[in-house]
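Please write a short report on this model.

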Amino acid sequence: MASFNKFINSIIADKNSGKAFELFCKQFLETSPKYIDQFEKVWLWEPWPNKWSYDKGIDVITKYKGRDTCCALDPLAMVRVFEFMEDP
């Protein structure tokens, strides 16, 4: 089985990978045991009912359970930060 990093890198290397990676992140946040109890709803930018413009880097919106607050995410930027932090 391929490592998670190889999987992510294979998505990122694909020219049309942005949307695929966004969908993966949405599914992950909705189903991962680490996050399933934190978020009431997860949207991609386009179907989010409160979007005010076209996608300007915000790809995923999460609504916290029990709160009226949301979190805007750019998953690809988060991966790049994670890679930077792991670099020796």
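Lys51 sits in the loop between β1 and β2; strands (E, at least two residues) and helices (H or I, at least four) are DSSP runs, numbered from the N terminus. The model is predicted: local features need pLDDT of at least 70, side-chain atom pairs count only at pLDDT 80 or more, and totals for chains, interfaces and linings use all residues. Residues are numbered from 1 along each chain as its sequence is written, and side-chain values use heavy atoms, with hydrogens and water left out.

Lys51 has contacts with Trp45 and Glu46, leaving aside its neighbours within four places in sequence. Contact means heavy atoms within 4.5 Å. The Lys51 side chain also makes a polar contact with the Glu46 side chain, at 2.8 Å. A polar contact is a pair of N or O atoms within 3.5 Å; within protein, one must be able to donate a hydrogen and the other to accept it, and residues adjacent in sequence count only if both atoms are side-chain atoms. The C-alpha atoms of Lys51 and Ile61 are 9.7 Å apart, with the two residues 10 residues apart along the chain.

The protein chain holds 3 helices and 3 strands. From the N terminus, the order is α-α-β-β-β-α. Of its 88 residues, 26% count as buried. Buried means under 20% relative accessible area, exposed over 50%, and partly exposed in between (1.4 Å probe, protein chains only). Among contacts with a separation of 6 or more, 28% link residues 24 or more positions apart.

The 3 strands form an open sheet in the order β1-β2-β3, with antiparallel pairing. Strands β1 and β3 are the edges, each pairing on one side only. The twist averages 20° from one strand to the next. Two strands pair if DSSP finds at least two bridges between them. Strand β2 (residues 60-64) is joined to β3 (residues 70-73) by 4 bridges.

The largest nonpolar core has 6 residues: Leu29, Phe39, Val42, Leu44, Val60 and Leu73. Strand β1 (residues 39-44) gives the most to this core, with 3 residues. Such a core is a set of buried Ala, Val, Leu, Ile, Met, Phe, Trp, Tyr and Cys residues joined through side-chain atoms within 4.5 Å. Beyond four places in sequence, Phe39 touches Leu29, Thr62, Lys63, Tyr64 and Lys65.

Thr62 lies in strand β2. Its contacts, not counting residues up to four places away in sequence, include Leu29, Phe39, Val42 and Leu73. Cys70 and Cys71 are also among the contacts of Thr62.

How many disulfides are there? The count comes to 0, a disulfide being a pair of cysteine sulfur atoms within 2.5 Å. Cys70 is in no disulfide; the nearest cysteine sulfur, that of Cys71, is 8.7 Å away.

| Residue | Relative accessible area | Class |
|---|---|---|
| Thr62 | 0% | buried |
| Cys25 | 11% | buried |
| Lys51 | 33% | partly exposed |
| Cys70 | 40% | partly exposed |

Notes. Axes are lines fitted to C-alpha atoms, for helices over the stretch in contact, and angles run from 0 to 180 degrees between N-to-C directions.
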